[in-house]
Amino acid sequence: MIFVPESILVTGGAGFIGSNFIHSFMANNQRCMVTNLDCLTYAGNLENLTALEGNPNYRFVKGDIGDTELVAGVLAGQKIDAVVHFAAESHVDRSITGPEIFIRTNVLGTQILLEESRKHWQSGLVPDFRFLQISTDEVYGSLGDTGYFTEETPLAANSPYSASKAGADLLVRAYHETFGMPTLNTRCSNNYGPYHFPEKLIPLLIHNIINKKPLPVYGDGLNVRDWLHVRDHASAIETVLKAAAPGSVYNIGGNNEWKNIDIVNLVCDLLDERLERAEGENRTLITYVKDRPGHDRRYAIDASRLKNDLGWSPSFTFEQGIAETIDWYLANQKWVEEVTSGAYRDYYKKQYGGGAA
Ligand code: NAD
Ligand code: TYD
């Protein structure tokens with residue numbers, strides 16, 4: 001049976017995937033109210049959502065998922081019937097230099113959101129309810145040269161980031177098993193696309209190439225990631241939210257494995273053309289650097305459950321997706337400049353008044 005939400009709470013909707021999800025979900029579900037709860041960390045940027053200003057079905061609330069009273073008020077006040085939970089600290093390298101905030105946001109914050117959602121769901125204010133936890137393939141740990149993560153692969157997280165996401169996933173499972181709460185859990189591979197903060201590999205490469213800065217490649221550059229366009233991720237989430245059975249877990253993947261160095265070379269070459277530089281010029285910026293500690297060697301997703309149960313598969317080819325992404329960054333240099341200079345932080349004050357984000 002299809003679940004049709006009427007009022008969803010998106011957490012972390014000012015971030016990369018959350019903002020792409022809001023755009024795509026609102027375009028497909030024009031009657032649904034969307035409340036975006038985001039505390040605007042360095043990764044939250046309301047400029048990603050300017051197109052929705054004035055839309056009566058969209059509402060932004062600045063706040064922390066760990067704020068019990070605020071969360072309870074939003075859930076009841078907006079009669080939320082689905083929570084789509086993106087809010088997180090999301091960068092592996094930051095989790096190595098400062099793990100505490102990852103535990104606070106990703107584990108404790110998720111537990112508070114779950115607990116308030118449980119009370120709200122059990123209050124009977126809404127006829128049906130879903131809690132969808134957005135997670136990552138990184139919870140499964142690392143693969144060798146062959147094989148794929150399935151939903152049955154044991155969790156074996158290796159970084160503080162992935163450990164915090166695994167902790168949250170287990171809490172979500174526990175709320176389903178213990179309280180019968182209608183939870184869902186998706187685990188996705190590496191996303192790419194517009195509004196990606198330029199600390200992550202692909203936007204960092206584009207930004208550094210444009211500015212002729214070194215391109216840091218960790219270790220031997222042979223680590224493998226599976227890349228999925230963020231709008232494909234958004235459509236998969238919408239499919240799971242509406243059609244998956246409560247309690248289920250779904251992997252989401254692009255069937256698109258790349259060695260890091262091959263992606264680096266590809267982005268260099270595509271930008272040689274677009275920036276009218278000599279063939280091979282951008283590759284001279286490649287700089288091998290010390291490896292990330294605990295660097296997972298390979299991620300690869302078996303997403304056949306999603307295809308077989310719910311009929312979902314990605315629609316972007318990588319050639320199309322990466323070309324569009326590069327063109328988006330070239331056309332949106334102002335967005336990139338504001339993010340890298342931190343100027344986007346004034347945006348909340350300008351739009352909503354009050355304190356700086
Ligand atoms: P992001 O870092 O771009 O955005 C995170 C958002 O959460 C930001 O807007 C931030 O302000 C907000 N936030 C952080 N702490 C908060 C708190 N305590 N309360 C309210 N808001 C808070 O992250 P992203 O890349 O968009 O990832 C979104 C989700 O998807 C995360 O849960 C991440 O683990 C998961 N995921 C990401 C990828 C990827 O490739 N980026 C892949 C798989 C899964
Ligand atoms: P990243 O975008 O940080 O995603 P994740 O670590 O969650 O997979 O990194 C993708 C891959 O690229 C990962 O193997 C680490 C590597 N990497 C570099 O080689 N250089 C860089 O500057 C960054 C940010 C990542």
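Buried means under 20% relative accessible area, exposed over 50% and partly exposed in between, with a 1.4 Å probe and protein chains only. Helices (H or I, at least four residues) and strands (E, at least two) are DSSP runs, numbered from the N terminus. This is a predicted model, in which local features need pLDDT of at least 70 and side-chain atom pairs count only at pLDDT 80 or more, whereas totals for chains, interfaces and linings use all residues. Residues are numbered from 1 along each chain as its sequence is written, chains are lettered from A and ligands numbered from 1 in the order in which they are written, and side-chain values use heavy atoms, with hydrogens and water left out.

**Stop 1: strand β1**

Select residues 7-11, which form strand β1; 5 of its 5 residues are buried, so the strand is largely enclosed by the rest of the structure. In a regular strand the side chains alternate between the two faces of the sheet.

**Stop 2**

Now widen the selection to the open sheet of 7 strands, whose order is β3-β2-β1-β4-β5-β6-β10 and whose pairing is parallel; two strands pair if DSSP finds at least two bridges between them. At the edges stand β3 (58-62) and β10 (249-252), each with a single partner strand, so one side of each is left without a neighbour in the sheet. From one strand to the next the twist averages 20 degrees, where axes are lines fitted to C-alpha atoms (for helices over the stretch in contact) and angles run from 0 to 180 degrees between N-to-C directions.

To follow individual pairings, begin with β1 and β2, which pair in the parallel sense over 5 bridges, and find L9 opposite T35 in β2. Strand β2 (residues 33-38) is in turn joined to β3 by 5 bridges, again in the parallel sense, and here L37 stands opposite V61 in β3.

**Stop 3: ligand 1**

Which residues come nearest to ligand 1? Of the 28 residues around this ligand, they are I17, D38, S90, Y161 and K165, a residue being near a molecule or strand if one of its heavy atoms lies within 4 Å of it.

**Stop 4**

From β7, move to an open sheet of 3 strands in the order β7-β9-β11, with mixed pairing. Its edge strands are β7 and β11 (257-259), each pairing on one side only, and the twist averages 50 degrees from one strand to the next. Strand β9 (residues 224-229) pairs with β7 in the parallel sense over 3 bridges, with N190 opposite W227 in β9.

**Stop 5: ligand 2**

Select ligand 2 and the 17 residues that surround it, of which E138, P216, R225, R292 and H295 are the closest. A side-chain N or O atom of R292 is 2.5 Å from an oxygen atom of ligand 2, a polar side-chain atom of N260 lies 2.9 Å from an oxygen atom of the ligand, and a backbone N or O atom of P216 lies 2.8 Å from a nitrogen atom of ligand 2. The protein covers 96% of the 500 Å² of accessible area that ligand 2 has on its own.

**Stop 6: R298**

Finish in the loop between β12 (286-289) and α9 (304-310), where R298 is found. R298 is buried, with a relative accessible area of 6%. Its side chain makes a polar contact with the side chain of E257 (2.9 Å), and a polar atom of the R298 side chain lies 3.0 Å from the backbone oxygen of G147.

Technical notes. A polar contact is a pair of N or O atoms within 3.5 Å; within protein, one must be able to donate a hydrogen and the other to accept it, and residues adjacent in sequence count only if both atoms are side-chain atoms. Accessible areas come from the Shrake-Rupley method with a 1.4 Å probe; for residues, only the protein chains shown count as cover.
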